[in-house]
Amino acid sequence: ECGLGYGNVVSSQSPLRFAAESKGAYTRIEFHVGSTVIGSASTAPYAIEGIKLAPGLHALFVVGVSADGSRRASRPAFLIVK
């Protein structure tokens, strides 16, 4: 299992940090906004920083990638950017 926390309302001018926790043995965690991969991390703590998003409602989720290439997505978190 892997997942993000719950969303909030943030400013489009603010650089964001996204972090994920994992209960599985993944070689990489990919961070997604909708259908776009915005970054990845291969070691815990899994995080990416300095991300700016355009105004609007965004669905955020992570995908854990195992050594054998199998993938498992988290439940989405929603973020409103103003």
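Visitor: Which residues are linked in a network of salt bridges?

Guide: In this predicted model, the side chains of Arg 28 and Glu 30 meet in a salt bridge with an N to O distance of 2.9 Å. Glu 30 also meets the side chain of Arg 71 in a salt bridge, here at 2.6 Å from N to O. The network of salt bridges therefore links residues through side-chain nitrogens of Arg and carboxyl oxygens of Glu that lie within 4 Å, and its members are Arg 28, Glu 30 and Arg 71.

Visitor: How many residues apart are Glu 30 and Arg 71, and in which strands do they lie?

Guide: The side chains of Glu 30 and Arg 71 meet in a salt bridge. This pair links distant parts of the chain, with Glu 30 in strand β4 (residues 28–33) and Arg 71 in strand β8 (residues 71–73), and the two are 41 residues apart.

Visitor: Is Glu 30 buried or exposed?

Guide: The cut-off for a buried residue is under 20% relative accessible area. Glu 30 has a relative accessible area of 9%, so this residue is buried.

Technical notes. Residues numbered from 1 in each chain as written. Predicted model: local features only at pLDDT ≥ 70, side-chain atom pairs only at ≥ 80, totals over all residues. Heavy atoms only, no water. Buried < 20%, exposed > 50% of the residue type's maximum accessible area, 1.4 Å probe, protein only. Helix = DSSP H or I, 4+ residues; strand = E, 2+ residues; numbered from the N terminus.
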